[in-house]
Amino acid sequence: MAQKLELLPAVDVRGGRAVRLVHGESGTETSYGSPLEAALTWQRAGAEWLHLVDLDAAFGTGDNRELVAEVAGAMDLKVELSGGIRDDASLAAALATGCTRVNLGTAALETPEWVAEVIAEHGEKIAVGLDVRGTTLRGRGWTRDGGDLYETLARLDSEGCARYVVTDIAKDGTLQGPNLGLLRDVCAATDRPVVASGGVSSLDDLRALAGLVPLGVEGAIVGKALYAEAFTLEEALEAVSR
Ligand SMILES: O=C(O)c1ccccc1N[C@@H]1O[C@H](COP(=O)(O)O)[C@@H](O)[C@H]1O
């Protein structure tokens, strides 16, 4: 039986609040209140995963480290933690929250030797976020180019990276539907599982992503659509359950 698509509701934290951005651009925030309340809402609705992002750490505008640790610590579900994890200290703090895995973004572009080391040391606990415009990777809060998607993917594959979280920046926060072509292309280029991020707007989008599970799409991050109440998390979980 084919594996079902995992759903990862997102809680992105900026200035202590749960927010959604459009195209990941600073200044486009819509605020949705307490990150802990948002996370508990998704947990109560049956989520198995939480995608938790410290946006200030990703943008370099401070951090929400204590709050993120509080949220992660309050969860009974699996937590994927992102944002500003770029060196030994930030990685240790992230792993100390008890999260199931971390996503490295900028570090995979700027300090590849360190990333190779932590992949070797921590294995499944490390995922790499491939945040792309076209096929160009972006780092530092998606403000700087960081090389070619497929060259970086080949390098990370050779280093044993366990999985990738692929975000189409052009789709993120827009409710325009995921970039299925990009996901197919990435799945064709790697045998590692891929978590899809960006653009989910409807239950049909989730069904379309579930159709990519046999190609290697393991999960989907859902953000704006849940906060905008395009559908409920219960409906989403039901839509991908078969
Ligand atoms: O999720 C966002 O909307 C987002 C927007 C702008 C920058 C980063 C964003 N999220 C995630 O943050 C990490 C990258 O952080 P870093 O580069 O390692 O500090 C990555 O998972 C992004 O998808």
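A backbone N or O atom of Gly105 lies 2.9 Å from an oxygen atom of the ligand. Taken alone, that ligand exposes 510 Å², and the protein buries 96% of it (accessible areas come from the Shrake-Rupley method with a 1.4 Å probe). Keep in mind that this is a predicted model, where local features need pLDDT of at least 70, side-chain atom pairs count only at pLDDT 80 or more, and totals for chains, interfaces and linings use all residues. Residues are numbered from 1 along each chain as its sequence is written, and side-chain values use heavy atoms, with hydrogens and water left out.

**Around the ligand**
- Gly84 also comes in with a backbone N or O atom, 2.6 Å from an oxygen atom of the ligand.
- Asp12 uses its side chain instead: a polar atom there lies 3.2 Å from an oxygen atom of the ligand.
- In total, 17 residues surround the ligand (near means a heavy atom within 4 Å), and Ser82, Arg86 and Thr106 are among the closest.
- That shell splits into five nonpolar, eight polar and four charged residues (Gly counts as polar; Asp, Glu, Lys and Arg count as charged).
- Helix 2 (residues 55-59) supplies the largest share of the shell, three residues (helices are DSSP runs of H or I, at least four residues; strands are E, at least two).

**A look at Thr143**
- You'll find Thr143 in the loop between strand 8 (136-139) and strand 9 (144-148).
- The side chain of Thr143 reaches the backbone oxygen of Arg140 at 2.6 Å.
- Gly62 is 81 residues away from Thr143 along the chain, and their C-alpha atoms are separated by 16 Å.

**Confidence**
- The chain's mean pLDDT (the predictor's confidence in each residue, from 0 to 100) is 97, and 99% of its residues reach 70 or more.
- For the complex, the predictor gives an ipTM of 0.95 and a pTM of 0.97.

Methods
Polar contact = N/O pair within 3.5 Å; in protein donor to acceptor, adjacent residues only side chain to side chain.
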